[in-house]
Every structure is written in C-alpha cells, then in structure tokens.
Amino acid sequence: ARIDTMDEAMSLIRLRGKDGEKITLRRYGAHVTSFVVKGREVMFVSERAAFQPPKAIRGGVPICFPQFSDLGSVPQSHGFARNATWKLVEKHGDRAVFSLKHEDVQEWKEAYPHQWEVVLEMSTGKKSGTMDMKVRVTNRGEETMPFTFAFHTYLRVDACCARVENLKGLQYWDNTKNRETKVDQENHITPSSEVDRVYLHAPDAVRVVEDSSGREIVIRKQNLPSVVVWNPWKKKAIALPDMGDLEYRGMICVEPAVVEPIQLKPKESWVAGQSIEVRQFEPGKAPAL
C-alpha cells in the first residue's frame, strides 16, 4: 500500500555495504540523504533542509522527473517525483527498490497526462566505496511520452578548493546568462562565483578532486548524455530559505541528466543510472581518471 503519513514517508531506510559503506534513504522522493564511506559523509544536506512534505529536501540526491528544471510541461521546477512518497518494493542488506506510478500523483495528471511507472534501485556497488543508482521509466499508456530527467546529486566538498574535472573543451549552457551557449576552456571548475552549467554531451565519467584531503569522488553515468554543475554561491544561497547563508562553501552539485527530451513510445522502457565512487590518494597526487 502507498505510504501516506509524514512519519512513514520520512522514516529512514538504511543499507550497508560489504566494506562498511552506509546509505540512508527516505521513501519521500526515494531520496538518498546520506552516503558514508570510511566514516566520512559524501552527500551534502543543508542544515536548513525541510523534511516536511510537500517541500523538496535540499541536498542528497533528489530525483528530477518528469522534467529537469523547466524543461517540460510541469509548472514546478524539476517535476514532482522528489515531492512524492514512493512505494518500497523490496529491501535487502545492501539494496532497496522503489516504485512510483502515475496513479500515485493524481494531482499532476492535468500537467502531465501520461500513464507511467518509474522504478528506482539503490545499492552499494561491487567496488569498495561505491553507491549505484539505476532508474527505469516505463510508458504504460498508448501515446508517446516526453520527459527529461536528472540525478540532482549534492556532494559535500570544500567548494573553494575542489576541482571538477573532465569537462574541458565541451559545449555548455550557461544558466547564469540565460542559457547562453559557451565552450569550457578551463582545465577544471573550482567555483569562485555562481556556477550553473549544463554540459549537453559530457563524458561518462566526471570527478571531483580534493587535494587537501586526498579524496576524489568519481561520478559515472549510464545513458545520461548531460552533466549539470551547480553552486549557488553567496547571493543565491542567502536567497534560498532552505539553505544556510554560508553553506555554498561546503557543496557542489554534479548531476547526470538528460535535458533534451526523451520521446518514449507506448509500452517501452528507458533505463539509465549513476555510480558514485569515493577513492583516497596521497594528498597532492591525484591519479589519472
């Protein structure tokens, strides 16, 4: 049965990997809010995050469906999946599966008049220090179904020092300039002001490197052509009611996405995923990706 009460929606689901990795999820939004590797938190969640439906949770891995940003017909940015309570289909020690169907969100039927099911699987990966997320979207209706999608992943890093790598030479939309198209000429991204970029065709591996702590976070994506890099910086962080004024210093979003709409035919499915791997190295000697 669908879970309707706030306590049940926000209750914690915990997964544990073979090497001690810990993942914490909630049914609300099928939302990962913690991923701990060797005792260190990988996910950023704001100290002001609202764990109060129907508000979205600021941080972790929000699921953006049936649209990323305003790239769709739904009048709410990033769609409604992150604001819905999902059904827990199954859970084992290191794996959980959630499901959301069109009949679970009848309030959005007019804005998104399609019949569909989304199945989301989270698990600790086969590699040590890894979290895997897989999504399957199925069109249950009789008409072609358009959608965009993103894993809106918030990483807990020192934004002033961390480097986002493997995006040089790529075309992107600059959302700070009304989606002006640009080409990245930088060896890496280290925010010093607001960053909001949509790399339309990004490689399947992007990493965030912290030399000072000897840690790298590698984000690998499957069937998700784009990557979004976002940090609101000071002015926008202050304007966000569910984010601390200085918290922009401790986070960056690296978001595997599809921003050019998928046109899913009746009875067909679309499958994609992301994997987040945390690796340690000797400070100042980051290995090749």
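Me: Which residues does phenylalanine 149 touch, not counting residues up to four places away in sequence?

Reply: Contact means heavy atoms within 4.5 Å, and by that rule phenylalanine 149 touches Ile63, Cys64, Phe65, Phe68, Val135, Leu224, Pro256, Ala257, Val258 and Trp270, with residues up to four places away in sequence not counted. This is a predicted model, in which local features need pLDDT of at least 70 and side-chain atom pairs count only at pLDDT 80 or more, while totals for chains, interfaces and linings use all residues. Residues are numbered from 1 along each chain as its sequence is written, and side-chain values use heavy atoms, with hydrogens and water left out.

Me: Which residues touch the most other members of the largest nonpolar core?

Reply: In soluble globular proteins, nonpolar side chains tend to be buried together. A nonpolar core is a set of buried Ala, Val, Leu, Ile, Met, Phe, Trp, Tyr and Cys residues joined through side-chain atoms within 4.5 Å, where buried means under 20% relative accessible area (1.4 Å probe, protein chains only). Here the largest such core has 64 residues, and Phe65, Phe147, Phe149, Leu155 and Trp270 touch the most other members. Strand β20 (residues 251-264) gives the largest share of this core, 5 residues; strands are DSSP runs (E, at least two residues), numbered from the N terminus.

Me: How many bridges join β13 to β14?

Reply: Two strands pair if DSSP finds at least two bridges between them. Strands β13 (residues 171-174) and β14 (residues 180-183) run antiparallel and are joined by 4 bridges, with tyrosine 172 having lysine 182 in β14 as its bridge partner. In β16, valine 198 stands opposite tryptophan 173.

Definitions and conventions. Buried < 20%, exposed > 50% of the residue type's maximum accessible area, 1.4 Å probe, protein only.
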